[in-house]
Every structure is written in structure tokens, then in C-alpha cells.
Amino acid sequence: MELKHKSGFVSLVGRPNVGKSTLLNHMIGEKVSIVSDKIQTTRHRIHGILSEEDAQIIFVDTPGVHKPKHELGDAMVNVSIQSLRDVDLVLFIINAEEGFGKGDQFIINKLKEINTPVFLVINKIDLVHPDDLLPLITLYTEKMVFSEVVPVSALNGNNVETLQSLIKSYLPEGPKYYHPDDKTDRSTQFRISELIREKVLFYTEEEIPHSVNVLVESIEEKEHIVHIHALIITERPSQKGILIGKRGSMLKQIGKEARMELEDYFDKKVNLQLWVKVVKDWRNRRSLLAQYGFDLE
Ligand code: GDP
Ligand code: MG
């Protein structure tokens, strides 16, 4: 009997920090979306592609849903709500450790406006006692009907395979939309800038993580080494000072960690040159946001 090929698009939605990017990376087996404990890390829509012999699942990772404060915030909310339309399945991801919140109600209201099947995915079950899951499931399923309810741990992979086969069973027959070797629709340039931004997020606090954008200016790949020039853009001179650190120590640390991950990615030596530049109020300048690759509509 001939194997039927299934394929489709699956949106990941949920409040910031519930583990959408971690789950995506675990399923793809590669870091296609950066992870951090700071909220609003994911700024762009990213496709993560999982190809198997008989199926291709295209995951759509979206920025968290939140109240917009900047033009950049507006763009992020647009991306998330837009992504709920025209997909085959939605994974509504919640954090097992946190209770029901206003953000969840906001998302549920949006989910009720679409006809797509929705799974309730309860993530971070490694942090709670199994007895706590049932009341949580009751709470959410009273608010909305879910096609499936799946508890997982994106961090250690617990039950993620079950989730994957359930997802497959909901997909229609269809072609491979991407080459089976592709893990993401994003360019190398985008992935490099995101890896650098991940390190900035790790080492900085308060408003700095949100004030930073990374632009890769050049990538020059030679036989044994890759030369990369990148700019870390921030909004104020004081933030630039913090990012550079005492005698350049902060920038050195960020550069070193980014370089090590980039060497894994390219499987080559990497020479990473990082510069910090102030671009006043970039998050509120629509023309700059468009230039930086944000989807404004
Ligand atoms: P997103 O904002 O929804 O994309 O969340 P991230 O994937 O960036 O994860 C937010 C934080 O939660 C990070 O510090 C992750 O390491 C952590 N995290 C994600 N999944 C799990 C999990 O299953 N268990 C635990 N303990 N932590 C997790
Ligand atoms: Mg994310």
C-alpha cells in the first residue's frame, strides 16, 4: 500500500514565556527560534519545519500576545493574530505552573473566532505535581472546547512525541512545501542576528533586552573560517555603555558565547566582529522597523 503524505501548518500561540520557542526547537531538533526568560523574546513570525518520510509539519512560532506600547508592539500583535487564520491546527500553549490569566482569556476569545481545531498543550509539567494537572485541565476546558489536551515538558521532551503524532493525525494530505533538509524559512543572516540577540537578552536586564536589535552587516564564508560583522543597535548612549561594559567586558562575553554557537552552526571557526551603535527611538520609527524586517501590516 502506498503511504499517503500529510502536510500542514501549525500555529503556536500562548502568553509570553510559556515555552513556545523551546517546544518548537525541541520538535525541530535545532534552535530555529531563540529562547529566553525575558518576555517578548520572539519578534518575528518564524516557520520551523519538521520533515518525516510521510509528513511535513510546518510550525509557525509567533510573538507572544500582549498589550502594545510601541509601534514594534503593534507589529507583534498583528503577527500573532494573523497567524491563527489559514493554519490547519493551533497549539494553545500554557504554563502548568501558572494559573489561568487575563492573557489566556484574550487568546481564548481570539481562538473562538476561528474554525481551526485547537489543542491545549500544558507545558512545563516537570515543574508541577501530576495531581495539579487535573484541576488545571478542568479550568481551561470549561472555557473552551479543545480537540486534544496534551501535557508536555518542552525542556526534557516528556510526551513531545505523543504530541507530534497527534498533530500528524490532524493534518490533511498534502505535498512537501519545503525541501526536507530545510529546518526554517529564515535566512542565515536572520539566524545569526537572533543568536546574537539571544546572548544580549541573557546578559542584560530591564529595558535593555527590549531596546536592542541586531543587524548582520556581512557574512563572508571561507573554506575554514567565517567572518561575520554585526551591529548591536540600542536606543540610548547609557544603554550602549552597559552593553559594552567595563573595558569592553560585556561585549566580549556576548561575542564569545555567540561565536561558540555560531561555530557549531557553521561547523567552522568563526571570527565575529560586534559593534554597538545608538539609533535613537528605533522602535517607534516605522521606516526603520520596515528596514529591519518587521512585518508592520
Ligand atoms: P516563549 O516566550 O513562549 O517562546 O518561551 P521560551 O521558549 O522562550 O521559554 C521561556 C522560558 O521557559 C525559558 O527560560 C525556557 O528555558 C523555559 N522553559 C520552556 N519550556 C520549559 C519546560 O518544559 N520546563 C521548564 N522547567 N522550563 C521551560
Ligand atoms: Mg518565543
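Modeller: A crossover is called right-handed if, with the strands pointing away from the viewer, the path from the first strand over the helix to the second runs clockwise. This is a predicted model, in which local features need pLDDT of at least 70, side-chain atom pairs count only at pLDDT 80 or more, and totals for chains, interfaces and linings use all residues. Residues are numbered from 1 along each chain as its sequence is written, chains are lettered from A and ligands numbered from 1 in the order in which they are written, and side-chain values use heavy atoms, with hydrogens and water left out.

A right-handed β-α-β unit is made by S5, helix H4 (residues 133-141) and S6; helices (H or I, at least four residues) and strands (E, at least two) are DSSP runs, numbered from the N terminus. Strand S5 (residues 118-123) pairs with strand S6 (residues 148-151) in the parallel sense over four bridges, where pairing requires DSSP to find at least two bridges between two strands. Leu-120 has Val-149 in S6 as its bridge partner.

Now the open sheet. Its three strands follow the order S7-S8-S9, with mixed pairing. Strands S7 (213-221) and S9 (269-278) are at the edges with a single partner strand each, so one side of each has no neighbour in the sheet. From one strand to the next, the twist averages 15°. S8 (residues 225-234) pairs with S9 in the parallel sense over ten bridges, and Leu-272 in S9 is the bridge partner of Ile-228.

Two helices lie across strands of this sheet, contact meaning heavy atoms within 4.5 Å. Helix H8 (residues 237-244) lies across S8 and S9, at about 155° to S9. Helix H9 (residues 249-266) lies across S7, S8 and S9, at about 140° to S9. Axes are lines fitted to C-alpha atoms, for helices over the stretch in contact, and angles run from 0 to 180 degrees between N-to-C directions.
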